[in-house]
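Reader: I'm new to this one. Could you walk me through how to read it?

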Amino acid sequence: LHVMDSVDSTNNYLKALAAQGAPDGTSAIADRQTAGRGRRGRSFFSPEGQGLYLSVLLRPQAHPDQLMHLTAMSAVAASRAVASVCGRRPGIKWTNDLVFGTRKLAGILTELSVVAETMETDYVVVGIGVNCTQSAFPEELREIATSIRMECGAPVDRCALAAALLREFARMEDALMTQRSEWLQEFAENCVTIGSDVRILRAGTERAAHADGIGPEAELLVTYPDGT
C-alpha cells in the first residue's frame with residue numbers, strides 16, 4: 001500500500017508501478033490529486049483533505065473480452081464499502097458512478113493493459129474517487145456533486161473507508177470469474193439508470209432511448225423510440 005500526500009493521479013502512479021512488475025493487489029492512496037481523471041477524458045475534482053482517492057492494481061488471468069463486467073463489479077464493491085462506513089448505500093449510475101439521488105458521490109475509472117504479443121491481459125487498474133468531507137462544492141459542481149458529509153450529516157473516517165474499499169475489492173477479485181451473475185444482479189438492483197430515459201452517445205451520434213435493464217456483460221439494455 002503506497003500512501004502519498006499528493007500525486008497527479010493514483011491510476012497513473014499504479015500504471016507506472018505495473019510496468020515495473022508490481023504484483024496483484026498493489027494499491028495507492030493520495031490525500032490530493034493534481035490531475036484526477038474520470039471517464040471520457042473528464043477531470044475529477046480532487047482537493048486536499050476532503051476526498052478519498054484510491055487505486056488498486058489487479059492481474060486477472062483472463063482475456064480482456066472476459067472482463068467486460070469488471071467495472072460494474074467494482075461499482076458494487078464500492079457501494080458496499082460506502083454503506084459499511086456511513087450506514088447508507090449509494091445508488092449506481094450506469095456504468096460506474098455512485099450517486100445519492102441525482103448527485104455524484106464517487107467515480108470509478110478502470111484502465112486495462114494487454115500484452116501485445118498474446119493480447120492477454122497484463123494488468124487492470126481500478127481507481128475510485130469518493131467525496132467525503134466536503135460541505136460545499138465550487139459553483140460549477142454544486143448541482144451535480146455531493147459528499148458523504150452532506151448526505152449523512154457527519155464526515156466519514158477516510159482511513160476506515162479506504163480499508164473497507166480494499167476489503168471489498170479483494171472480495172470482488174475473488175468473485176470475478178465465478179460469481180458474475182450474482183454480482184451483476186446486485187448491480188441491477190442498485191442501478192438508478194434502469195427505468196429512466198437516457199441519451200446514447202456513440203461515434204458522434206446521439207439517440208434517445210429508455211433504459212430497461214442490465215445484460216450478462218453489464219451492458220445497458222435499452223429500447224429506442226422505434227421499438228428496437
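Author: Here we go through the sheet, then its strands, then the helices. This is a predicted model, where local features need pLDDT of at least 70, side-chain atom pairs count only at pLDDT 80 or more, and totals for chains, interfaces and linings use all residues. Residues are numbered from 1 along each chain as its sequence is written, and side-chain values use heavy atoms, with hydrogens and water left out.

Reader: What is the order of the strands in the open sheet?

Author: First the general idea: strands of a sheet pair through backbone hydrogen bonds, either parallel or antiparallel. Strands here are DSSP runs of E with at least two residues, helices are runs of H or I with at least four, and both are numbered from the N terminus. Two strands pair if DSSP finds at least two bridges between them. In this case seven strands line up as β1-β2-β3-β7-β6-β5-β4, with mixed pairing. The edge strands, β1 (2–4) and β4 (91–93), each pair on one side only.

Reader: Which strands does β7 pair with, and over how many bridges?

Author: Strand β3 (residues 51–58) pairs with β7 in the antiparallel sense over eight bridges, and Gly51 has Asn131 as its bridge partner in β7. Strand β6 (residues 103–114) also runs antiparallel to β7, joined by nine bridges; there, Gly107 is partnered with Gly129.

Reader: Why is β7 described as largely enclosed?

Author: Buried means under 20% relative accessible area, exposed over 50%, and partly exposed in between (1.4 Å probe, protein chains only). In strand β7 (residues 121–131), 10 of the 11 residues are buried, so the strand is largely enclosed by the rest of the structure.

Reader: Is Asn11 buried or exposed?

Author: Asn11 is buried, at a relative accessible area of 3%. You'll find Asn11 in helix α1 (residues 10–19). Its side chain makes a polar contact with the side chain of Ser55 (2.6 Å). A polar contact is a pair of N or O atoms within 3.5 Å; within protein, one must be able to donate a hydrogen and the other to accept it, and residues adjacent in sequence count only if both atoms are side-chain atoms.

Reader: At what angle do the axes of α2 and α5 cross?

Author: Axes are lines fitted to C-alpha atoms, for helices over the stretch in contact (heavy atoms within 4.5 Å), and angles run from 0 to 180 degrees between N-to-C directions. Helix α2 (residues 70–86) and helix α5 (residues 180–189) have axes that come within 9 Å and cross at roughly 60 degrees. Residues making the contact include Ala72 and Met73 of α2 and Trp183 and Phe187 of α5.
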